[in-house]
Amino acid sequence: MRYIFGFWAAPMAIFWGWFYLSANDINFGYTMLSRQMHDFFFQLYGQMLGIDPAIIPGMVAKTCIFDGLLLMALWAFRRRREIAAWVKQHWADPVPFERMRGATEAGPKLPAE
C-alpha cells in the first residue's frame, strides 16, 4: 500500500511544486519554472481540451482530491477489521471511574484561596 501512496504522491508533489514555482515566477534561472512557460503550457492544454486555461488548475485540484479520497477508501477497506476493532473498543469501553473522577474533581487548592 505504501508503494501505491508513493506512486500517487510523487507526481502530485512534482506537479504542484512546478505549479507553485511557475505561477509565482520563482524560476531560479530555469526556463521551465518561468511564468511564460506556465502560461504557455496551460494555454496549450486549454486549446487541446477546448476549455478555458484558467479552469485547468481547479480541475486538476478536484481530481487530486478525488484520487486521494479513493486511495483512502481503498486503504480503509483493506484495514476494515483493524478499524472496526478500534471503533468497537473505544465505543464499548466507557471511561474508567478513576480516570473520570480525576478529570471532574476540583483541582488542588491554591495557596491564595
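**Entry 1. The loop between H1 and H2**

I began with Phe28, which lies in the loop between H1 and H2. The model I am reading is a predicted one. I looked up the backbone of Phe28 and found a positive phi of about 50 degrees, although the residue is not a glycine. I noted for comparison that most residues other than glycine have a negative phi. I then checked the surface: Phe28 has a relative accessible area of 66%, which is over 50%, and therefore counts as exposed.

Asp25 has 38% relative accessibility and so counts as partly exposed.

**Entry 2. Overall layout and confidence**

I then looked up the elements of the whole protein. I recorded 5 helices and 0 strands, and the pattern along the sequence reads α-α-α-α-α. Of the 113 residues in the protein, 13% are buried. I also recorded that, among contacts with a separation of 6 or more, 39% join residues 24 or more positions apart.

Where is confidence lowest, and where is it highest? The lowest mean, 68, belongs to helix H5 (residues 97–104), and the highest, 95, belongs to helix H3 (residues 56–78). The protein averages a pLDDT of 88, and 88% of the residues score at least 70.

I located Phe42 in helix H2 (residues 35–49). Is Phe42 buried or exposed? Its relative accessibility is 5%, which is under 20%, so Phe42 counts as buried. Not counting residues up to four places away in sequence, I found that Phe42 touches Phe15, Trp18, Phe19, Pro53, Ile56 and Pro57.

Which residues form the largest nonpolar core? It has 6 residues, namely Trp18, Phe19, Leu33, Phe41, Phe42 and Ile56. Helix H1 (2–23) and H2 each supply at least two residues of this core. I noted the general background that, in soluble globular proteins, nonpolar side chains tend to be buried together.

I followed Trp18, another member of the core. Leaving aside its neighbours within four places in sequence, Trp18 is in contact with Met32, Leu33, His38, Phe41 and Phe42.

**Entry 3. Met37**

I moved to Met37, which also lies in helix H2. Met37 has 22% relative accessibility and therefore counts as partly exposed. With neighbours within four places in sequence left aside, Met37 is in contact with Thr31 and Met32. I also looked up Met37 and Ser22, which are 15 residues apart in sequence, and found their C-alpha atoms 7.6 Å apart in space.

**Entry 4. The packing of H3 and H4**

How do H3 and H4 pack? H3 and helix H4 (residues 80–92) meet at an angle of about 75 degrees, with their axes 5 Å apart. Since angles from 65 to 115 degrees count as roughly perpendicular, H3 and H4 are therefore roughly perpendicular to each other.

I listed the residues involved: Trp75, Ala76, Phe77 and Arg78 in H3 meet Arg80, Glu82 and Ile83 in H4. By type, the residues of this contact divide into 4 nonpolar, no polar and 3 charged.

Terms used:
Residues are numbered from 1 along each chain as its sequence is written. This is a predicted model: local features need pLDDT of at least 70, side-chain atom pairs count only at pLDDT 80 or more; totals for chains, interfaces and linings use all residues. Side-chain values use heavy atoms; hydrogens and water are left out. pLDDT is the predictor's confidence in each residue, from 0 to 100. Helices (H or I, at least four residues) and strands (E, at least two) are DSSP runs, numbered from the N terminus. Axes are lines fitted to C-alpha atoms, for helices over the stretch in contact, and angles run from 0 to 180 degrees between N-to-C directions. Angles under 35 degrees count as roughly parallel, over 145 as roughly antiparallel, 65 to 115 as roughly perpendicular and the rest as oblique. Contact means heavy atoms within 4.5 Å. Ala, Val, Leu, Ile, Met, Phe, Trp, Tyr, Cys and Pro count as nonpolar, Asp, Glu, Lys and Arg as charged, and the others, Gly among them, as polar. Buried means under 20% relative accessible area, exposed over 50%, partly exposed in between (1.4 Å probe, protein chains only). A nonpolar core is a set of buried Ala, Val, Leu, Ile, Met, Phe, Trp, Tyr and Cys residues joined through side-chain atoms within 4.5 Å.
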